[in-house]
Amino acid sequence: MTGRVDYDEFGLFHENAAEYGLPFDRPPTVRRAFADVTGGRRLSALVWQDRDPELVLLHGGAQNAHTWDTVAMALDRPLVAIDLPGHGHSDSPGDRPEGQLNAYGNAVDVAAAVRQPAPAARAVIGMSLGGLTAIALSAEAPELVRKIVLVDVLPGIKAQRARHITDFVNGPASFASLDELLERTARFNPARSRSSLRRGILHNAEQQPDGTWVWRWARHRRPAAPASPAPASQAADTRYAPLWEALSSITVPLLLARGMRPDSVLGDDDEREVLRRLPSAQVIHVEEAGHSLQGDTPLELAAIIEDFVFGS
């Protein structure tokens, strides 16, 4: 049996600060909260600071609310980071179609979870699946969405561009040790420090009684759908294509922060499409980031959010 690994959920913020040169006089004020949603389920969230949240942060698929820790520390604003259904400490999405990946169902749950703590938030920031959920939220509960920041995601993602992510996510169901899980994650994220990857794993996986490790989100995942018969370079994830119409109807300010490394999931054609449908949209390129800007360039992403949401 592998030895038990100590994990203090709120005891790692000093590592975030040290890695990115952030001031750290004392740990930030962060608490875990839960909101009731349909079906007797609960959504979990991290609530930063003791004032009314100014921002709502939605993570990507196979992630959790802690993916925003460094961004939240850099922003130093009251905010709420939500664990999407079936992720982190949130309950399973139940038996709804597409489970955790149903952006529309996620939006219904997120709306219920946001109304109490953050009804007047200045913006919703969503990365990947969280960004698609934010688009759906703008249609489901427009009164909760005053500005939108999409982090490296748009509807109609091409399957080939996201293949490296789906291959990683659809990996082993469990791991013999934390070291085994860390090695696989390091191969997937070679540009990240091992300390940041270990920290992320501790937040996003849990050790079982027999010493093995499983991803928190993997407890609720369903078998992968068969691969599309279309050529990989042309195949798109059509489940999200209807969100183009929802995006086209958005009337609040919208910004796309696009990673420009090859591991981004967007191409120039996606950028042209969002500007065609929503000419008022802003697009910012982040040269040193891939798909997960909050992990690759958290300080730059925090500055982008600060300027877009709170700048004059």
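Some housekeeping. Residues are numbered from 1 along each chain as its sequence is written, and side-chain values use heavy atoms, with hydrogens and water left out. Because this is a prediction, local features need pLDDT of at least 70 and side-chain atom pairs count only at pLDDT 80 or more, while totals for chains, interfaces and linings use all residues.

So, confidence. pLDDT is the predictor's confidence in each residue, from 0 to 100. The chain averages 93, and 94% of its residues reach 70 or more. The stretch to watch is residues 224-234, where pLDDT stays under 50. The model gives that stretch eight contacts beyond four places in sequence, a contact being heavy atoms within 4.5 Å.

Now the inside. Buried, for me, is under 20% relative accessible area, with exposed over 50% and partly exposed in between (1.4 Å probe, protein chains only). A nonpolar core is a set of buried Ala, Val, Leu, Ile, Met, Phe, Trp, Tyr and Cys residues joined through side-chain atoms within 4.5 Å. The largest one here has 49 residues, and V56, I82, L150 and L247 have the most contacts inside it. Take L150: leaving aside neighbours within four places in sequence, its contacts include G126, I135, L247 and L254. There's also a second, separate core of 33 residues, with W48, L57, A302 and V309 among them.

Next, helix α6, residues 178-188. Helices (H or I, at least four residues) and strands (E, at least two) are DSSP runs, numbered from the N terminus. Buried residues in α6 include L178, L181, L182 and R184. And what covers the buried residues of α6? Among the elements are α5 (163-169), α7 (194-204), β7 (205-207) and β8 (213-215). A186 sits in this helix and is buried at 15% relative accessible area. Beyond four places in sequence, A186 touches R194 and L197.

Over in strand β1 (residues 30-37) we find V37, buried at 9%. Setting aside neighbours within four places, V37 contacts R42, L43, D109 and A112.

Last stop, the second largest pocket, with a volume of about 390 Å³. Of its 14 lining residues, P23, R26, P28, M73 and D76 are the closest to the centre. A pocket here is an open set of points on a 1 Å grid over the protein atoms alone, where a 1.4 Å probe fits, with protein on both sides within 12 Å along at least five of seven lines; lining residues have an atom within 4 Å of a point. Grid points are joined across faces, edges and corners, and the volume is the space filled by probe spheres set on them. Helix α2 (residues 69-75) gives the largest share of the lining, three residues.
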